Amino acid sequence: MPSALVLLAEGAEEMETVIVVDVLRRGGVDVTLAGVAGNKPVKCSRDVTIVPDTSLESALTKGPYDAIVCPGGAGGAKILSQSPVVGKALQDQESRGGIIGAVCAAPTALAAHGIGKGKKVTSYPSMGDKMKQGGYRYLEDRVVQDGKLITSRGPGTCFEFALKLVEALVDKEKSKSLIEPMLIKI
């Protein structure tokens with residue numbers, strides 16, 4: 001069973017976190033939701049509190065994972081950008097050829113840690129200039145995949161983002177099989 005580590009930091013965008021975790025699990029991916037600051041409940045960007053499965057440090061002892069996913073939210077992305085533990089996890093993931101996903105403001109954390117330089121990416125529109133300045137080829141597509149790097153725009157693109165992750169981790173047929181039961185219009 002493929003595995004994914006989803007990072008959860010204070011200020012993360014709730015929808016981007018929950019939709020990704022839910023769709024991945026529906027797709028047969030073993031998901032660990034890891035709290036960057038520990039295993040305590042995390043207050044997200046719209047005051048929804050989410051309880052991680054475990055702490056990031058504990059989760060990393062159980063890796064490696066087939067994918068590491070970074071939800072956005074300005075506050076969450078800032079924490080992901082500043083965390084040396086997140087940086088090392090992402091750098092290790094990239095060096096071993098694992099999948100890395102980031103949505104909304106979270107691609108800025110990739111830039112902060114030097115992940116995927118020169119690749120095609122997308123992000124929340126207001127982060128576009130920062131990504132271009134960081135040496136990325138910026139696109140405005142809803143979901144962009146460049147090799148093992150998958151990025152997306154924001155809350156409204158999270159189902160498409162999560163389905164692309166399922167496709168990369170499992171296969172296209174599994175991803176397509178999730179659309180009708182969830183009543184997604186793509």
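Which element gives the most to the lining of the largest pocket?

Analyst: The model is predicted. Helix H7 gives the most to the lining of the largest pocket, with four residues.

The pocket itself holds about 160 Å³ of space. Its lining consists of Val143, Glu160, Leu163, Lys164, Glu167, Lys172, Ser175, Lys176, Ile179 and Ile186. Two or more of these residues come from helix H7, which spans 158-169, and two or more from helix H8, which spans 172-177. By residue class, the lining has five charged residues, four nonpolar and one polar.

H7 also packs against another helix. Its axis and that of helix H1, residues 14-26, come within 9 Å and cross at roughly 35°. The crossing of H1 with H7 is right-handed. On the H1 side, the contact is made by Glu16, Ile19, Val20, Val23 and Leu24. On the H7 side, Cys158, Phe159, Phe161, Ala162, Leu163, Leu165, Val166 and Leu169 take part. This contact divides into 12 nonpolar residues, one charged and no polar.

The bridge partner of Val143 is Ser152 in strand E11. Strand E10, residues 143-146, is an edge strand and pairs on one side only. E10 runs antiparallel to E11, residues 149-152, and four bridges join the two strands. The sheet is open, with seven strands in the order E5-E2-E1-E6-E7-E11-E10 and mixed pairing. The other edge strand is E5, residues 54-55.

The peptide bond from Gly63 to Pro64 is cis, with omega near 5°. Pro64 sits in the loop between helix H2, residues 56-60, and strand E6, residues 67-70, and E6 is one of the strands of the open sheet. Asp47 has a positive phi of about 65° although it is not a glycine. The loop that holds Asp47 lies between strand E3, residues 42-43, and strand E4, residues 49-50.

Conventions
Residues are numbered from 1 along each chain as its sequence is written. This is a predicted model: local features need pLDDT of at least 70, side-chain atom pairs count only at pLDDT 80 or more; totals for chains, interfaces and linings use all residues. Side-chain values use heavy atoms; hydrogens and water are left out. On a 1 Å grid over the protein atoms alone, a cavity is a set of points where a 1.4 Å probe fits but cannot get out, and a pocket is an open set with protein on both sides within 12 Å along at least five of seven lines; lining residues have an atom within 4 Å of a point. Grid points are joined across faces, edges and corners, and a volume is the space filled by probe spheres set on the points. Ala, Val, Leu, Ile, Met, Phe, Trp, Tyr, Cys and Pro count as nonpolar, Asp, Glu, Lys and Arg as charged, and the others, Gly among them, as polar. Axes are lines fitted to C-alpha atoms, for helices over the stretch in contact, and angles run from 0 to 180 degrees between N-to-C directions. A crossing is left-handed if the near helix is turned anticlockwise from the far one by less than a right angle, and right-handed if clockwise. Contact means heavy atoms within 4.5 Å. Two strands pair if DSSP finds at least two bridges between them.
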